[in-house]
There are 2 protein chains.
Amino acid sequence: MPAPALGYTAGDLQGNPTAGMKGKATSFDIAYRAGVSQSTVSRALSGSPLVNAQTRQRIERIARELNYKVDKNASNLRSQQSGTLALLFFEDPTPDESHINPFFLSMLGSITRACARHGYDLLVSFQQFSDDWHADYEDSRKADGLILLGYGDYMPYCSKLEKLVAQGTHFVRWGPVLPDQPGISIGCDNHDGGKAMGAHLVAQGRRRIAFLGTITPDCPEFLARYRGHAEALAAAGLSAPAALQVDAISTEEAGYAAACTLLARRQPFDAIFAASDLIAMGAMQALADHGLRVPEDVAVTGFDDIPMARFAQPPLTTVLQDTQRAGELLVETLLRLIRNEPAESRLLPARLVIRRSCGAGGSPSARQGARAASARSPAHPGKTPRRRAPARSPSAPRPRTR
Amino acid sequence: MPAPALGYTAGDLQGNPTAGMKGKATSFDIAYRAGVSQSTVSRALSGSPLVNAQTRQRIERIARELNYKVDKNASNLRSQQSGTLALLFFEDPTPDESHINPFFLSMLGSITRACARHGYDLLVSFQQFSDDWHADYEDSRKADGLILLGYGDYMPYCSKLEKLVAQGTHFVRWGPVLPDQPGISIGCDNHDGGKAMGAHLVAQGRRRIAFLGTITPDCPEFLARYRGHAEALAAAGLSAPAALQVDAISTEEAGYAAACTLLARRQPFDAIFAASDLIAMGAMQALADHGLRVPEDVAVTGFDDIPMARFAQPPLTTVLQDTQRAGELLVETLLRLIRNEPAESRLLPARLVIRRSCGAGGSPSARQGARAASARSPAHPGKTPRRRAPARSPSAPRPRTR
DNA sequence: CTGAAAGCGCTTACAG
DNA sequence: CTGAAAGCGCTTACAG
């Protein structure tokens, strides 16, 4: 019996396209039906220019008919790359079953999309700091590189980053860009954002501005926001007294507690700059529970512009971190690293988003009117809708005396 | 020169543990150093009981020293499974760069954790309905099974599910459990949740209850909520008039628009049951813009209990879908499918979460008092905090006349 | 308990 | 433009 012509044995491949096919089709099945070698099938399907156009079409048609998909495990093994990026979340403050920080969730969305655009898959994993995460993904060839996301204690984190660098792992990290940072980071210009917010509150006539958020070196992002803020105050001849700063991690609970602590200190204040929106939401809750009005009694602002910031009552003035852009940049940078192209750390601009919680936008009297009107008229509708306060309305500083 | 003893050539492996190692270590490297065969290394590291305890320890130590990790591509290729699940999101209504529904984000969190608990990786992908998603992941052996998540037009979706079933793909889907559903679904008991909410609003004394949310068969989940609601009304001798129902997909924008449409119809109503929290948040915004108070003029309730529901002003009464449990069940069920164990569709109980937006909890007079007090006293703190309204306080029905 | 060997399904020099 | 061959790094019968 003569040896088969093209390196495969006919086996049970005769007959109609799918009859007799056990399990998934392989490139040999396609080759047999197309009357070419398996190499040619591989080339045709991977878009190699070395294939005759007609042959390619025939192969593609057959592949479609057989519902053939290249086996990623085999192709990855052979080509020594995975076509996959791994996203590692760190949730140090909330290792329990609680909800994930919505800001990171937004990042997740944009990273996922960016990966898809670049033809990469995304492996997602939630990590504890104790985990031996630094090695797993790239070493086991599940991913070509890592994206690191999450607040967290800075020092232990840093030493893990060094290990990653030493191992030659490809990674980018979302976080503050610091001088002696191991590896590459993409972050938001926290200092600038904090400064803009401080200046804005001052322009609104606020004079005694509290800051809620941990400002130890463990929390370099909050620290940078605080420093920018303090700089803006100083520029206006104001100070950021220690009595008006309370530590808080980025949760509503911490924000609530921090605001209560602040209130218990009995120091007058007319504004709260919270280091994150979550903290701000908790603080607003606490203020409401103490019978204080936002922004009439206390202006409250946050940082991040998470989706629910718009839906706070009143809508929360905050600093937008452009997660869309961040996700794209993170993925792009990581891909450059993987391809051994030059790549560098980057700071994304922070943008002030002015809503009503800072006292800008809809004036108090308009609010007052609305309230009075609504008291008169229970739910029968048809009134002309009040214009929604535009997100970025210019706002005259309201002078305040304490 | 004698042939090497154990099937590998010494190569550049002499010297200290890592010197001379090009790239990652392989099981052959470990075998060489441990003085055993590569097979034994593989067995030891995969936890086979067929390995001498001492040998195993030696191998494990060396593997640690060399920072060795099993190559997933190779092991997956060989064992024909990936140890990975794929999570496919469908975002039909919002194909743009906008934010993802926070409810699904919560699910993502719980699914990720459930996967980790079971030792699986999670591949995440956002899909358009047009995509040929039904085949890709499992066929290319990137995942052992799929988790399908997302609202969406029901009919086209359904035919894709049939295709998946025909192909023998392992998948579970989050969504309504319907009689002639292809494949396995895990969902929330939307009917029951809607009924509970309807009954609750009636018990609060509300009589003309609007429903915001699309109730065509395209949206079987909203439809089920609506039907449960209507059933509760009927049980109380009330009706759910068509004039008080407005279609809306699950976004704040749609909720805002739907509430405006409702108001423009000039039909009296004293409550809005929104088919989702996002719709409810938008509706509350619209009501506020029309000078209507929640809950004094209109009670508003939602569905999902997304994180920001607690932070609405007033906090939103809603129906909790237990995403923690759902994620776990989704993963567990899929794993059973993959292992060819019996598995079945399941309905998770819905739980009413009572906050202030429905008129229960903190009484109007208390609110009034708080407001008056706050008007008197600008931000100097130290007052006794008002008790936060307990999440599930028993509430006497407040009679209402229109 | 251990080793020698086959083979998972590809990609990619190498040779024409 | 195409084919024959090697080999990616494992797992797993098979034989002792």
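Me: In strand 7 of chain A, which residue is the bridge partner of Phe211(A)?

Reply: In this predicted model, the bridge partner of Phe211(A) in strand 7 of chain A is Gln245(A). The chain passes from strand 6 of chain A through helix 9 (residues 220-235) of chain A to strand 7 of chain A, and this β-α-β crossover is right-handed.

Me: Why do strand 7 and strand 9 of chain A stand at the edges?

Reply: The 4 strands form an open sheet with parallel pairing, in the order 7-6-8-9 (chain A). Strand 7 and strand 9 (299-301) of chain A each have a single partner strand, so one side of each is left without a neighbour in the sheet.

Me: What makes both faces of strand 6 of chain A covered?

Reply: In a regular strand the side chains alternate between the two faces of the sheet. In strand 6 (residues 209-212) of chain A, Ile209(A) and Phe211(A) are buried on one side, and Ala210(A) and Leu212(A) are buried on the other.

Me: Why is Ser48(B) called buried?

Reply: Buried means under 20% relative accessible area, and Ser48(B), with a relative accessible area of 13%, therefore belongs to that class. Ser48(B) is placed in the loop between helix 2 and helix 3 (53-65) of chain B, and, leaving aside neighbours within four places in sequence, Ser48(B) is in contact with Arg43(B) and Arg56(B).

Me: How do you know that a side-chain atom of Arg43(B) makes a polar contact with a base nitrogen of DNA strand D?

Reply: The limit for a pair of N or O atoms is 3.5 Å, and a polar side-chain atom of Arg43(B) lies 3.0 Å from a base nitrogen of DNA strand D, so the pair qualifies. An N or O atom in the side chain of Arg78(A) is 3.4 Å from a base nitrogen of DNA strand D, whereas Gln80(A) has a polar side-chain atom 3.2 Å from a phosphate oxygen of DNA strand D.

Me: What makes the approach of Ser37(B) to DNA strand C a polar contact?

Reply: A backbone N or O atom of Ser37(B) lies 2.9 Å from a phosphate oxygen of DNA strand C, which is within 3.5 Å, so the pair counts. An N or O atom in the side chain of Thr55(B) is 3.0 Å from a phosphate oxygen of DNA strand C, and one in the side chain of Arg43(A) is 2.9 Å from a base nitrogen of DNA strand C.

Note on methods. Residues are numbered from 1 along each chain as its sequence is written. Chains are lettered from A and ligands numbered from 1 in the order in which they are written. This is a predicted model: local features need pLDDT of at least 70, side-chain atom pairs count only at pLDDT 80 or more; totals for chains, interfaces and linings use all residues. Side-chain values use heavy atoms; hydrogens and water are left out. A polar contact is a pair of N or O atoms within 3.5 Å; within protein, one must be able to donate a hydrogen and the other to accept it, and residues adjacent in sequence count only if both atoms are side-chain atoms. Buried means under 20% relative accessible area, exposed over 50%, partly exposed in between (1.4 Å probe, protein chains only). Helices (H or I, at least four residues) and strands (E, at least two) are DSSP runs, numbered from the N terminus. Two strands pair if DSSP finds at least two bridges between them. A crossover is right-handed if, with the strands pointing away from the viewer, the path from the first strand over the helix to the second runs clockwise. Contact means heavy atoms within 4.5 Å.
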